[in-house]
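Hi,

Here is the structure I promised to pass on. Please open it alongside this note.

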Amino acid sequence: MVTEMLSLPCDRLLSHRQLACCHTYCGIPVEGKNMLIYSNMDKDNKPLLLTGHHGEISAMTFGKLRGPVLLCSASPDYIIVWDIELCHRRTQEGKVAAGTVIGTLLGEVVHLSFCFSDERVAACSGSTLYILSSKRHEVIFTFTNHLGPLTSAEFCPWNKNILVTTSEDRTFKVLDLKTEAVCYQSFVLSGSPLLSVFFLEENRHLITGSTDGQLWCFSVTDDHKCHLVSKMDLQKMEKRHLQHQGTVSDPAGFSEQLAEDKVDTSKPVLKMATCSSLIDTNNELKKDNSWLCIGSSDGLYVVELATSELLTAFYFKDYPILSISMAGSWSISPGWDDSMVFLVSSMFTPCVALLELRLCVLRSTLACGEGFSVFPSSPPVLESPLSAEFKRKEPEHPKKKGGVKEQPLVFHSKVKSSGYTSAPRSAMFSPKTNIQKNPSSKKAHKNTSLLLRDYPADSAAPTIPHTHLSIANKSVHCLQYSGDGKQILCGLGDSSVLLYKSSLTGNPTVYTGHDKPVGSVSWSLNRQWWLSASEDQSLRIWTHGSPEPAIIMGNSMFSKPVRSAQFYYLDKFLLLASGPSLYLYLYNVDITRDNIKRYQQRSVVKLAKCITSTSATDITALSAINDFFSYIVLACGSDRSIQVFDMNRGCVAAAISDAHSRSIHCITQNKGSIFSTQAPDSYNLFLTSAVTDGVKMWDLRSLRCVRRYENHLNRCHPCSAAISPCGRFIASGSEDNCAYVYDIRSSSYLHKLQKHSDTVLSVAFNPATPQLLTGTMDGKLRLFQSSSAARLSRDTSAVHSVPH
């Protein structure tokens, strides 16, 4: 997969020199003050010799443009820019290749970088940054604000006047070259110096890495302020990667391997670059820049930025045929024909190697097999638990005694005539044309049209505060809207359930009966009844207009608390988890009662299937789709795993081990709503939340984490997460008295909904209109609207205020 294209012995050690590499050329210093430029395309071609420096060359870099290819080199005496094609022509003509001196006597330069138009060059010398013109001898800007020597500087790809510097003082600074001011100065990120920085233009992020293998990803806002998106550790990612791949079968062997690798404790981030992967979307190849190549001392690491996980690592020790056993510096560039090229200098030997990584081979290695889908591809099998039905009892008819007695068919003395003997009608039906219109019908029609409006697919996220309500002194453990978005259920820590209108107006209906906090609530698809599950090891089904439950499932039916429960398979089943088991119940709700036997329950339940998780650990959360037929049920275990249950066959179909660093307390699928339509593949996405580990988004088709969200604070409380009906936003609770709204396509948050009175435990999106409801630990509800929903409510109130 990694091949050595060129091995170049050197006359001296180049372990900490910045070498130059681009898609067509690579360059190294020779004899201290000269340079050899090799062609990546034609290895047999004679290298180009460039002379002109009088001191030892300390840094080299190629320009960003494909043509003309510019090279900048630095020594204590000169900084020179070379036109490679022009130098080739002069050499072929028998002339001496010459460059343009743009800087003189600027000290020992450790890092050079071009801007994206190749018009300016940044040079780091000591603790001073020089901005030079690439066409003439001119110092445009000088910056000396760091407390330690500079290590790198990079120009912003979307704003030519923005530049970021890193230093041994363990901070980075964002500079505005137009105003010559510092826009942002980071806090001290680590105990080790920062070595490198890299920009991601697609999502406007910057990443910086340190000598101890730490990486920080920041989002850059329009005012050039930086917000931390994620933090990564190469050693921890490597450990998780080895555990996930199963390279070590037993824990003892894994500990021995870690002990063997204990000699090299640090993995310095020497160089970073995006590794563009081609993905197939609707038969169209599209570049995905979510892979990051990281060059370190022991090898090359490929990290998926969306998930902060290590995809693969290429260690020099695994490739004995390479000339490099330990790297001192890296230069990374995209190559030709779907590849990446790396110019690597050896740390302990005077040698430089040009390596190539074929991305197509890497993608085929990382490609997973066929996963699962929430949509069934075949009807249920004959022995499927989903085919279970109540056995219908045949009515018992009493035995007849004697013969059949003749009885009259009519018991009245007079029978109305059938009309056959009456005269035919001369006048047929005539419509009434003088009826006055009822104004109330028009008003009702208008209200109905507003309620049946489609969910706006392009609406903004709901961030405008609309209603604030204090409901109790106990925490709001769970929230769920009804399918039509008109009502909301609130499960509280005081063992009660409140039923509100979605507008939170009026007094709620209170349902009591549980003895411990209510952990989950669920509406049925027909909205005729709903259920509540509690820590008191019971489940209750409630109906409209009755303060008493229609079904009570308790009385030692479950040995442990019912962690999660919901209606399943278009309301055919009750699905719940207790302990390590997943239960599937048939049920029949009968709300009729005998006044004499008032407390006799006529509703019935019947166990259809009980499945035990493969790890035999307690199930902490579950999720299934009830809006359409689906065989898939997702369950999370206390062993940090995610298990995929195939209810068609009644077994565990797949499992993801170590999905989080802690037990998962919340799992939610992208279920959409009856008011919105999404792409079919988007319904295969689901979210999981764990304490101290943020929110992860998974794809059921590949059983891989595809993105991570960790801007919110979640250290000890089970804060939930939700996906909007349009599938564009994610909301999460947080312990900093805020709720966070993410764009599902980006790991950085869009909005931070502040001014909550306590930890936000529960969040829920309205399925009918862009609204977000949050519940806090101190019993407060807050309703947020989008700008479009706020305008709609104002228009509706205006219509209602018009006299008729």
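This is a predicted model: local features need pLDDT of at least 70, side-chain atom pairs count only at pLDDT 80 or more; totals for chains, interfaces and linings use all residues.

Salt bridges first. A search of the whole structure finds 26 of them.

Glu56 and Arg17 form one, at 3.2 Å from N to O. The two sit 39 residues apart and link distant parts of the chain. Glu56 is in the loop between strand 5 (48-50) and strand 6 (59-62), and Arg17 in the loop between strand 1 (2-9) and strand 2 (20-21). Glu56 is partly exposed, at 36% relative accessible area.

Asp484 pairs with Arg527, with an N to O distance of 3.2 Å. Again distant parts of the chain are linked, 43 residues apart: Asp484 lies in the loop between strands 32 (476-481) and 33 (487-492), Arg527 in the loop between strands 36 (518-523) and 37 (529-534). Asp484 has a relative accessible area of 17%, so it counts as buried. Arg527 is partly exposed at 29%.

Lys560 meets Asp618 at 3.1 Å, N to O. Lys560 is in the loop between strand 39 (551-553) and strand 40, and Asp618 is in the loop between strand 43 (604-612) and strand 44 (619-624), so the bridge ties together parts 58 residues apart in sequence. Lys560 is partly exposed at 35%, as is Asp618 at 27%.

There is also a network of salt bridges. It joins Arg240, Glu309, Asp693, Lys696, Arg708 and Glu710.

Now the surface. Leu525, Leu570 and Phe629 make a nonpolar patch with about 230 Å² of accessible area together. Leu570 sits in the loop between strand 40 (562-568) and strand 41 (573-578).

Best wishes

Notes:
Residues are numbered from 1 along each chain as its sequence is written. Side-chain values use heavy atoms; hydrogens and water are left out. Patches are made of residues with over 30% relative accessible area and no salt bridge: like charges are joined within 9 Å, nonpolar side chains (Val, Leu, Ile, Met, Phe, Trp, Tyr) within 5 Å. Accessible areas come from the Shrake-Rupley method with a 1.4 Å probe; for residues, only the protein chains shown count as cover. A salt bridge is a side-chain nitrogen of Lys or Arg within 4 Å of a carboxyl oxygen of Asp or Glu. Helices (H or I, at least four residues) and strands (E, at least two) are DSSP runs, numbered from the N terminus. Buried means under 20% relative accessible area, exposed over 50%, partly exposed in between (1.4 Å probe, protein chains only).
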